[in-house]
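Work through the exercises below with the model open. Try each task before reading its solution.

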Amino acid sequence: MIDTYSVPLTTLVKEFHLEVAYAATDFASIRITVEDVARPGLQLAGYFDHYEPMRLQVMGNVEMSYVSKLAPADRSAIFDRLFAYKFPALLIARDIPPHKEMLEMAKKHNITILRTKEATSAIVSTIITYLKDALAPRITRHGVLVEVYGEGILLVGDSGIGKSESAVELLKRGHRLIADDAVEIRRVSTSSLVGTAPELIRNYIELRGIGIINVAKLYGMGAVKLENEINLVVNIVPWNTQEAYDRLGLEDQCTEILGVKVPMYTIPITPGRNLAVILEVAAMNNRQKKMGYNAAMEFTEQINRHFDENLGKI
């Protein structure tokens, strides 16, 4: 199930050091639910078709200078109609003071007015970036997320199969832990996923027979990381002699998470297999593929050339 998130307006005010020119009576409970912001240009001219009142509204030098040239009665009428749409808040950029008519209509319609000293384009881009991350679609998956040679590897498989033990072995080899047991995955763009740990269990690993360990305190802060892009999914399964496993790596397996396709390996394990070494190789091999080199394809082409060259000699 995909979780939906919202951002309290108070959090946005604190994060970007915004000044509250007028606080609505419900200021503390207002939440932002969409990642885009709007600059009400056409709306100030009376055009409200396709208007998005769910967005945070931002007015800069252009919009404020336009309404400044209007008569007070016209300003009142414009803000009366605009604020009637009950959007979350209006942010004025460049430290421009709000008009008297704006404050009057804000009080009438109970709309919060904010101010910032930042340039309009700068504050708009930074707020959108912040909201895209904070409101990204997300899901929680059972697994372990580790960073190996810069690659984020999500280990999945049945409970007790050895995911956490493999993570500890990777920690000893200088790699880093992001999450154990539960991984919060966010879709930050149409092609990338970022994983992190729930705050309650961040930096902890559960090892059966030993219990809970704090990785940051046991191995140092260099052994943990807050979040990482998920570049590869490794499904760990018990070895089954009846199963045919891919031995060449010609088939590109993928799994889909939140609509994003991620490369996947299925690794069977038996006693004696060093899973940490295999995961290191998987990480390096995945990096090579992203850089355009595929060892399996090269090997196959080499075999085909060998048979073609020797076909007439037999």
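This is a predicted model: local features need pLDDT of at least 70, side-chain atom pairs count only at pLDDT 80 or more; totals for chains, interfaces and linings use all residues.

**Exercise 1.** Decide whether V37 is buried or exposed, and list what V37 touches.

Solution. 
- Locate the residue. V37 is found in strand β4, residues 37-38.
- Apply the cut-off. Buried means under 20% relative accessible area. V37 has 11% relative accessibility, so V37 counts as buried.
- List the contacts, leaving out residues up to four places away in sequence. V37 touches R55, L56, V58, V124, I127, I128 and L131.
- V37 and Y204 are 167 residues apart along the chain, and their C-alpha atoms are separated by 38 Å.

**Exercise 2.** Repeat the analysis for I111: is this residue buried or exposed?

Solution. 
- Locate the residue. I111 sits in the loop between α5 (100-109) and β7 (112-115).
- Classify. The relative accessible area of I111 is 2%, so I111 is buried.
- List the contacts beyond four places in sequence. They are Y22, A24, F83, K86, F87 and A106.
- Compare sequence with space. A23 is 88 residues from I111 in sequence, yet the C-alpha to C-alpha distance is 7.3 Å.

**Exercise 3.** Describe the second largest pocket: what is its volume, and which residues are closest to its centre?

Solution. 
- Take the volume. The second largest pocket holds about 250 Å³ of space.
- Find the centre. The lining has 14 residues, and D133, R138, E184, R186 and T196 are the closest to the centre.
- Assign elements. Helix α6 (120-134) and strand β10 (176-187) each supply at least two lining residues.
- Sort by class. The lining has 7 charged, 5 nonpolar and 2 polar residues.

Conventions. Residues are numbered from 1 along each chain as its sequence is written. Side-chain values use heavy atoms; hydrogens and water are left out. On a 1 Å grid over the protein atoms alone, a cavity is a set of points where a 1.4 Å probe fits but cannot get out, and a pocket is an open set with protein on both sides within 12 Å along at least five of seven lines; lining residues have an atom within 4 Å of a point. Grid points are joined across faces, edges and corners, and a volume is the space filled by probe spheres set on the points. Helices (H or I, at least four residues) and strands (E, at least two) are DSSP runs, numbered from the N terminus. Ala, Val, Leu, Ile, Met, Phe, Trp, Tyr, Cys and Pro count as nonpolar, Asp, Glu, Lys and Arg as charged, and the others, Gly among them, as polar. Buried means under 20% relative accessible area, exposed over 50%, partly exposed in between (1.4 Å probe, protein chains only). Contact means heavy atoms within 4.5 Å.
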